[in-house]
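Subject: Structure handover

Hi,

Here is the structure I promised to pass on to you. Could you have a look at it alongside the notes below?

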Amino acid sequence: MNLDGDVWIRPRTRIPCRGKRSEEQLEKSFQENFTGGFPVLYSSARAGIMLILRLFHRQRTVSIFPYASQCVVKAAMLAGKFVHTPLPLQKRDLVFNQWGLHQIHIENSEIFLEDSADSLYPIGGSVCKANSRFEVWSFPKILGTTFGGVVWCKSESDACALREIRNRLPRQNFLYHTVLSVFKSINKITYRVWENYLFSHPSLNKVQIDILSKELDEWSKTYERRRIDYEEAVLRVSSRNSPRFSELQSSNFGVIPIVIECESQVPHLTTKVLNRVYPNGRVERKFIYAYQKERRKR
């Protein structure tokens, strides 16, 4: 039984390519490929969370979901916020579409931020669909890059304000960030240096923009590969809790989950026992099969 919460493919360094898009053009391309929001690109999702909390969240305390990751908590603290985890069914500012599993948030009609860090949407997918003011994606968890995130803003004026602030802040140095990414796991000190660099340098550099441009151009191919992996994993586990791919459009907004929920441990597969956090704050222990991690081993 595995209790490790890492369920994502291991990010890998992409080979730089020569692209033609600027940051503004890339954001326009994202806006043309998805609906419901206005995108603002960042060097990391956590930097985007920090800035939207600092600029737009008026209360001193921010209420978040149970078992929130360290990066979300630190982003809130750097934004000057006190972090609070409400009881189940109580209103919260941040909700979590954990493992790419989405639900309609009926009980909370005014959500500040949807954390959809690991949600791979289909082209044409609709963001901020839970009446949230913002939604955030993390490209390392979605695409397996070593950098990058996007904040989707329901309001165009919010997006313009975020871009204006971001453009005043330092851009990352591609080589320096790459070195930090390689050595961040050595110890706590190197991890802290890497993380602090993400927060202090939230703007993408030209090489990163070129790499993300290629990833966007190949988004449909990536989605198709994930579809095949998902369908094979559902059959391998014989899961009754995970919908077939044909059902995902109606049950999960077309987002492909990155794990398969199991009834129990599955022989010969790496099954984990982790906490599933529901949008209303309820927590439930689940057997899950992290098929994306398994795929990298085959």
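This is a predicted model: local features need pLDDT of at least 70, side-chain atom pairs count only at pLDDT 80 or more; totals for chains, interfaces and linings use all residues.

**Helix packing**

Let me start with H3 and H7, where that definition is needed. Helix H3 covers residues 70-78 and helix H7 covers residues 188-200; their axes are 12 Å apart and the packing angle is about 55°. H3 and H7 are therefore oblique to each other. Their crossing is right-handed. On the H3 side the contact is made by Gln-70, Cys-71, Lys-74, Ala-75 and Leu-78, and on the H7 side by Tyr-191, Arg-192, Glu-195, Asn-196 and Phe-199. Sorted by class, the residues in the contact of H3 with H7 are five nonpolar, two polar and three charged.

H3 also packs against H2, at an angle of about 35° and with the axes 8 Å apart. This crossing of H2 and H3 is right-handed. H2 contributes Arg-46, Ile-49, Met-50, Leu-53 and Arg-54, while H3 contributes Cys-71, Val-72, Ala-75, Ala-76 and Leu-78. In the contact of H2 with H3, eight residues are nonpolar, none is polar and two are charged. You will see Cys-71, Ala-75 and Leu-78 of H3 in the contact with H7 and again in the contact with H2.

How do H2 and H5 cross? Helix H2 (residues 45-56) and helix H5 (residues 156-166) have axes that come within 11 Å and cross at roughly 115°. That makes H2 roughly perpendicular to H5. H2 passes H5 in a right-handed crossing. From H2, the residues Leu-51, Ile-52, Leu-55 and Phe-56 meet Asp-158, Ala-161, Leu-162 and Ile-165 of H5. The contact of H2 with H5 holds seven nonpolar residues, no polar ones and one charged residue.

**Buried residues**

Ser-63 is in strand E2, which spans residues 61-63. With a relative accessible area of 9%, Ser-63 is buried. What does the side chain of Ser-63 reach? It comes to 2.8 Å from the backbone nitrogen of Asp-93. Leaving aside residues up to four places away in sequence, Ser-63 touches His-84, Pro-86, Lys-91, Arg-92, Asp-93 and Leu-94.

Leu-120 sits in the loop between strand E5 (111-115) and strand E6 (132-138). Is Leu-120 buried or exposed? Leu-120 is buried, because its relative accessible area is 0% and buried means under 20%. Again not counting residues up to four places away in sequence, Leu-120 touches Ile-142, Leu-143, Trp-219, Thr-222, Tyr-223, Arg-226, Gly-254, Val-255 and Ile-256. Pro-88 is 32 residues from Leu-120 along the chain, and the C-alpha atoms of the two are separated by 27 Å.

Gly-5 belongs to the segment before helix H1 (23-33). Gly-5 is partly exposed, at a relative accessible area of 39%. Although Gly-5 and Val-273 are 268 residues apart along the chain, their C-alpha atoms are separated by 8.6 Å. Lys-272 lies in strand E9 (residues 271-277) and is buried, with a relative accessible area of 4%. The side chain of Lys-272 reaches the backbone oxygen of Asp-6 at 3.5 Å.

**Positive phi values**

Finally, two backbone angles for you to look at. Most residues other than glycine have a negative phi. Tyr-67, which is not a glycine, has a positive phi of about 55°. Tyr-67 is found in the loop between E2 and H3, and at 59% relative accessibility Tyr-67 counts as exposed. Phe-253 has a positive phi too, near 60°. Phe-253 is located in the loop between helix H10 (248-252) and strand E8 (260-262). With 28% relative accessibility, Phe-253 counts as partly exposed.

Terms used
Residues are numbered from 1 along each chain as its sequence is written. Side-chain values use heavy atoms; hydrogens and water are left out. Helices (H or I, at least four residues) and strands (E, at least two) are DSSP runs, numbered from the N terminus. Buried means under 20% relative accessible area, exposed over 50%, partly exposed in between (1.4 Å probe, protein chains only). A polar contact is a pair of N or O atoms within 3.5 Å; within protein, one must be able to donate a hydrogen and the other to accept it, and residues adjacent in sequence count only if both atoms are side-chain atoms. Contact means heavy atoms within 4.5 Å. Axes are lines fitted to C-alpha atoms, for helices over the stretch in contact, and angles run from 0 to 180 degrees between N-to-C directions. Angles under 35 degrees count as roughly parallel, over 145 as roughly antiparallel, 65 to 115 as roughly perpendicular and the rest as oblique. A crossing is left-handed if the near helix is turned anticlockwise from the far one by less than a right angle, and right-handed if clockwise. Ala, Val, Leu, Ile, Met, Phe, Trp, Tyr, Cys and Pro count as nonpolar, Asp, Glu, Lys and Arg as charged, and the others, Gly among them, as polar.
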